[in-house]
Amino acid sequence: MLIAGAGIVGASIAWHLAEAGLRVAVADATGPAAAASGASDGAVSVASKKPGVMARLATGSLLYTRALAERGLLAAAYAARPSYVFGAGEAEMDAIAALIAKLAALSGPVRVTADGGAGLLAGAGPGVERLVALEGEGHMPGHKAVRAYLAHPGITALWPARLGAFEADDTGVTIDLGGRALRVGVLVAALGVSTAEIFPGLPVLPRAGQLIVTDAGPVGALPGSLTAAAYLLAKTEGPGSGTLPPVVIDPLSTGQFLIGSSREDHADPTRVDFATIRRLLGRSTAAFPALAERRVIRAFAGIRAAVADGLPIVGPLPGNSRVILATGFEGDGICLSALIGREVAAMVRGASPATDWAADLSALAPTRFGAIRKERVA
Ligand SMILES: Cc1cc2nc3c(=O)[nH]c(=O)nc-3n(C[C@H](O)[C@H](O)[C@H](O)COP(=O)(O)OP(=O)(O)OC[C@H]3O[C@@H](n4cnc5c(N)ncnc54)[C@H](O)[C@@H]3O)c2cc1C
């Protein structure tokens, strides 16, 4: 079988298939982690998910990511750490109250350990009116996880190789892979924002985000991620829902900081602008003033694959179970990749989904869009 797309989702699916003893090839137009998975923050976070399907799937994926780290596979990629959510002003206070209620209702592995003011976190600044501390979440740079998954000896790497068009029938799928015709039993399309090129009928839209990397300061100055409640609002109510920048400050193991991120409706990964970077840095520094001593060494953009209804698209193409889609993870693909990899691999093998997740996974099925238009082999 062929997985098209060597981002974190395609890589996780490939690993789970290879681990089950199947022969699997992964093709990528550029190379591993070439798109969103290599240009993102890596929060493995339940707190930031919409209540309902996404929060439940994120909980399952967080637990499974931890298990894969414990067994060694993701040990060098995943790091557990506390997370802090801060806010100022009425809208962010409401978002924090909703977060606390959501986590209590989930009663999962992510718990509020403290709720108060800036005094809860050494180094928190005047931009922090209220702060909640959480335990149970972690961080996983996408490129590290992709490398770990693709190291499985049962995976054949094919890149650069671009999936063009395909024709599926009852016995398999004929694929145009950069001018080369290939016949496979199953095609899994994990193409991120490029999904719309192959499946123009799917409402997958680009949502760009700018990120900043600083130079290294003392390791451990900030013990975990510091996230503005505006980020929760941007995820639950859509981009442009608040006036405050939705910043996330993530301390890296090197002593550097990764600071993100904007949400913009375009697909240009080269577009980084001074005004946006300045807004993100302004709020970050007000929340954690020690950042003013750091220098920005890099700013870059990544493109999320957003879906019009806010849910990923996972499951067989209507009308042909030999083509399976796994896309549209917007700002949640790093977090969801472990569980989605395992469940899509089960779909490919014709196995039932893990019962805990069957209902939530069915909400992601492509059938919700009716018949899906696609490109055809010329
Ligand atoms: C700024 C930013 C911050 C983010 N922060 C977080 C976060 O904190 N936590 C979180 O969980 N998620 C986060 N995300 C989202 C996360 O990065 C994505 O959801 C995830 O990386 C998607 O992985 P993917 O494998 O679906 O897609 P991608 O990583 O985009 O991979 C798709 C792959 O398909 C390849 N491809 C495209 N077209 C073709 C073709 N025709 N043939 C063959 N190959 C092709 C591409 O080269 C690419 O390698 C963030 C994203 C951004 C941009």
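Predicted model: local features only at pLDDT ≥ 70, side-chain atom pairs only at ≥ 80, totals over all residues.
Residues are numbered from 1 along each chain as its sequence is written, and side-chain values use heavy atoms, with hydrogens and water left out.

Okay, the overall layout. The chain is assigned domain 1 (2-37 + 143-203 + 310-369) and domain 2 (82-136 + 205-307), with bounds from an automatic or database domain assignment. Their C-alpha centres are 30 Å apart. Across the boundary, 15 residues of domain 1 touch 10 residues of domain 2, where contact means heavy atoms within 4.5 Å.

So where does the ligand sit relative to domain 1 and domain 2? Both domains give residues to the shell around the ligand, so it lies between them. That shell has 37 residues, and the closest are D28, S37, L163, E330 and C335; to count, a residue needs a heavy atom within 4 Å of the ligand. α1 (8-19), β14 (204-214), β18 (296-307) and α8 (333-348) each supply at least two of the shell residues. Helices here are DSSP runs of H or I with at least four residues, strands are runs of E with at least two, and numbering goes from the N terminus.

Now the polar contacts, meaning pairs of N or O atoms within 3.5 Å. A polar side-chain atom of D28 comes to 2.6 Å from a ligand oxygen. For I334, a backbone N or O atom is 3.0 Å from an oxygen of the ligand, and for D332 a polar backbone atom is 3.3 Å from a ligand oxygen. Altogether, the protein covers 97% of the 1000 Å² of accessible area that the ligand has on its own, using the Shrake-Rupley method with a 1.4 Å probe.

Most residues other than glycine have a negative phi, and most peptide bonds are trans. W159 and P160, though, are joined by a cis peptide bond, with omega about 0°; P160 is in the loop between β9 (155-158) and β10 (163-168). And A33, in the loop between β2 (24-27) and β3, has a positive phi near 55°.

Terms used. Polar contact = N/O pair within 3.5 Å; in protein donor to acceptor, adjacent residues only side chain to side chain.
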